[in-house]
Amino acid sequence: MTERTLKDIRNALTEKTIDILAGHRRTGSGSHPPGQLVLPENLKEFGMYILGLLKSRAFKAGHEPSDRRTHTMRFLKSASPLELSLFLYPRIVALHTLPDTSCFPDPETGHLIVPPCLRASFGRIEDGGAYLVDDGQICLLWLHEHVNPNLLEDLFGPGNTNLADLDHNLSSLPVLETHLNAQARNLIAYWSSVRGSKALTLQLARQGFDGAEYEFARLLVEDRNNEAQSY
């Protein structure tokens, strides 16, 4: 890896992905038209994960401190399949549109009702929204600059109606009796229980306030950035 440039490595990964998919089309497409690529369930997300790999700190274009690149490369080599899949494609949940029954135990099974995740693209982000994002290494609470003041009070308590009012050093949500606060805490606790050995610490990413909002943008791996293609 150290003998090749990052651009060469990215090109090699892209070409290998094309070879794999072309090989499947030759041998596994059966009666489908030659120009149609039909993938089995286990391969449908393959391209998306490769795109996430290309956009990781290990291989992405642009300036990146060498210690961060090295750390990410070592992580990629040692991560479990669960950790790796989550790292390459994070889970994103919109808090402002949660159904009332989400993030509470199912009355029949007792299992937590986990809301569906959004695709990692800014096109799925709504103005005024609040989103939890987890890639297995960090967990961000991203808040749009026009987020509803009532939502902020539900999450953080009375008097917290502006983004500027929030403590940027916050690492967990306060325990409140509001419905949304309970939903968010239940979801974070669930993610913490299934993400592996790493503890989950919350980090605020307020649009226009915190540097962590750039980390949020980096996790939207389906979008085009730093010479990398979109999905």
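Reader: Is Arg68 buried, partly exposed or exposed?
Author: This is a predicted model, in which local features need pLDDT of at least 70, side-chain atom pairs count only at pLDDT 80 or more, and totals for chains, interfaces and linings use all residues. Residues are numbered from 1 along each chain as its sequence is written, and side-chain values use heavy atoms, with hydrogens and water left out. Buried means under 20% relative accessible area, exposed over 50%, and partly exposed in between (1.4 Å probe, protein chains only). Arg68 has a relative accessibility of 42%, so the class is partly exposed.

Reader: What is the relative accessible area of Lys60?
Author: Lys60 pairs with Glu64 in a salt bridge. Glu64 is buried, at 11%. Lys60 is buried, and its relative accessible area is 11%.

Reader: Which residue in strand 3 is the bridge partner of Leu132?
Author: Strands are DSSP runs (E, at least two residues), numbered from the N terminus, and two strands pair if DSSP finds at least two bridges between them. Five bridges join strand 2 (residues 130-134) to strand 3 (residues 139-143), and the two run antiparallel. In strand 3, the partner of Leu132 is Leu141.

Terms used
Helix = DSSP H or I, 4+ residues; strand = E, 2+ residues; numbered from the N terminus. Salt bridge = Lys/Arg side-chain N within 4 Å of Asp/Glu carboxyl O.
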